[in-house]
Amino acid sequence: MRSLREVLLVVGVTASLVLLARWEGRGGPPQGLGLLVGSSLCVTLPLLLRRVLPLTSAVLSAVVGLGGLGFLPAWPGMLVTMGAFCAAVYHRERGPGLVLAVCGCWVLVSAVVAGSPVQIFTVTDLVVMGVAPVATGYALRLHRDRAEQALRVQRAEADRVSAEERARLARDVHDSVGHHLTAIRMQATAVRRVLGGESAVADRALGTIADLSSSALDEVRGLLSTLRDVPAGAGLAELDRLVGRLSGPERRIAVTWSGQAARAVPPAVDRAAYRVVQEALTNVVRHSGAGVVDVRLHRDRDLLVVTVVDDGPVVGSAGLEGQGLRGMRERVRQLGGTLAVGPREPGGWRVRAELPTGGTA
């Protein structure tokens, strides 16, 4: 499907150039129609490379366009080259500086080839033909990056809300079902003691009830632990992927390990540390205008310290303790750790969690 669209693009742009040139009477006599069609097709073909080799595509289009201007004065093929430079900035990961320089050189050479003295070549022409395509491509790329980042943040927020809902459901089920199963086991055990083995049948039945309720309680706790915790893969091993989702052109997130970084941590600590970083970064994206965020993890023998700091001003509801922050405190507290959240000097916000590891490797 993409190949067909690319072919239609080339055919459509080529046809448009030919029709525009003929309509304006710049295609020359009928015998020049072949040259016009060939030049229009050649200046358009490099667009097929705009996704994989963006700058090369623009340069090839510019070279062909300059050649066409030599044989076809005032030929509108330069419009395609301007579009190629716009696409080069849009698809190229690096900054627009190099593309802008190449585009400026192309504009100056075009003036010479077209017969316009460089000294009377106006600044307006340079801006329109050289700067405008690059600026347009860069603006489109920023818009694309922001839209993708907003989508990543939305997905991360949906994951967080889903995790909180699972935790709430797990607590409710544990409080209700766990309480009743525990009561059944205690009642069965108490009746067995009262009977003192007077009835073998009743004793066996009560023993079975006690054993089954105890087994059911263990299974419920195991299932609820799975429901409450994040998936097995969502631990510190996924930290780079999380940072990649939430980073963007206006926000740089760096991760630094120190101490005994090679030592593993217990699974529960690993998941809790990941959740702390995830919630902290989500809050930065939602509530702060920070441009730099530092995620620092320090591993000692008995402690894992997770610190997330940013340099942005605290705006909106960043200082309020919502469901996410309360869930983070509860998770850290369940592991016997501590959590501190608040502003820092000279500016920005800091989240610091200390999670005991029990000296495990």
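**Cores, rings and burial in a predicted model**

Q: Which residues touch the most other members of the largest nonpolar core?
A: In this predicted model, they are L246, V277, L281, V306, V308 and V351, out of 34 core residues.

Q: Which elements each supply at least two residues of this core?
A: The helices are α6 (123-195), α8, α9 (267-287) and α10 (323-334). The strands are β2 (292-299), β3 (303-310) and β5 (349-356). The most comes from α9, with 10 residues.

Q: What does V308 touch, not counting residues up to four places away in sequence?
A: V308 touches V277, A280, L281, V293, D294, V295, W349, R350 and V351.

Q: Which residues does the second, separate core include?
A: V43, V80, W106 and V134 are among its 25 residues.

Q: How do you know that the buried residues of α8 lie on the same side of the helix?
A: In α8 (residues 239-246), the buried residues are L239, L242, V243 and L246. They cover an arc of only 95° around the axis, so they share one side of α8. An α-helix has 3.6 residues a turn, so residues three or four places apart point the same way.

Q: Which residues are exposed on the other side of α8?
A: D240 and R241 are exposed there.

Q: How many aromatic pairs does the structure hold?
A: The structure holds one.

Q: Why is the pair of F85 and W106 called tilted?
A: The ring centres are 5.7 Å apart, and pairing needs centres within 6.5 Å. The planes stand at 40°. Under 30 degrees would be stacked and over 60 edge-to-face. The angle falls between those limits, so the pair is tilted.

Q: What makes this pair a tie between parts of the chain?
A: F85 lies in helix α4 (residues 78-91) and W106 in helix α5 (residues 97-113). The pair therefore ties together parts that are 21 residues apart in sequence. Both F85 and W106 are buried.

Q: What makes R144 count as lying over the face of Y90?
A: R144 is at 4.7 Å from the ring centre of Y90. The distance limit is 6 Å.

Q: Why is C42 called partly exposed?
A: Its relative accessibility is 40%. Buried means under 20% and exposed over 50%. C42 falls in between, so it is partly exposed.

Q: How do you know that C86 is in no disulfide?
A: The nearest cysteine sulfur, that of C103, is 9.9 Å away. A disulfide needs sulfur atoms within 2.5 Å. The structure holds zero disulfides.

Q: Why is C86 called buried?
A: C86 has a relative accessible area of 16%. The limit is under 20%, so C86 is buried.

Q: What makes A210 buried?
A: A210 has a relative accessible area of 6%. That is under 20%, so A210 counts as buried. A210 is in helix α7 (residues 200-228).

Q: What is A210 in contact with, leaving aside its neighbours within four places in sequence?
A: A210 is in contact with R185, A188 and T189. R192 is 18 residues away in sequence, and its C-alpha is 9.6 Å from that of A210.

Q: Why is S40 called buried?
A: S40 has a relative accessible area of 0%. Under 20% is the requirement, so S40 is buried. S40 sits in helix α2 (residues 33-44).

Q: What is S40 in contact with, leaving aside its neighbours within four places in sequence?
A: S40 is in contact with T14, L17, V18 and W75. Its C-alpha is 9.9 Å from that of A21, 19 residues apart along the chain.

How values were computed
Residues numbered from 1 in each chain as written. Predicted model: local features only at pLDDT ≥ 70, side-chain atom pairs only at ≥ 80, totals over all residues. Heavy atoms only, no water. Buried < 20%, exposed > 50% of the residue type's maximum accessible area, 1.4 Å probe, protein only. Helix = DSSP H or I, 4+ residues; strand = E, 2+ residues; numbered from the N terminus. Arc of directions from axis to C-beta. Core = buried A, V, L, I, M, F, W, Y, C linked by side-chain atoms within 4.5 Å. Contact = heavy atoms within 4.5 Å. Phe/Tyr/Trp six-rings, centres within 6.5 Å; stacked < 30°, edge-to-face > 60°. Lys NZ or Arg CZ within 6 Å of the ring centre and 35° of its normal.
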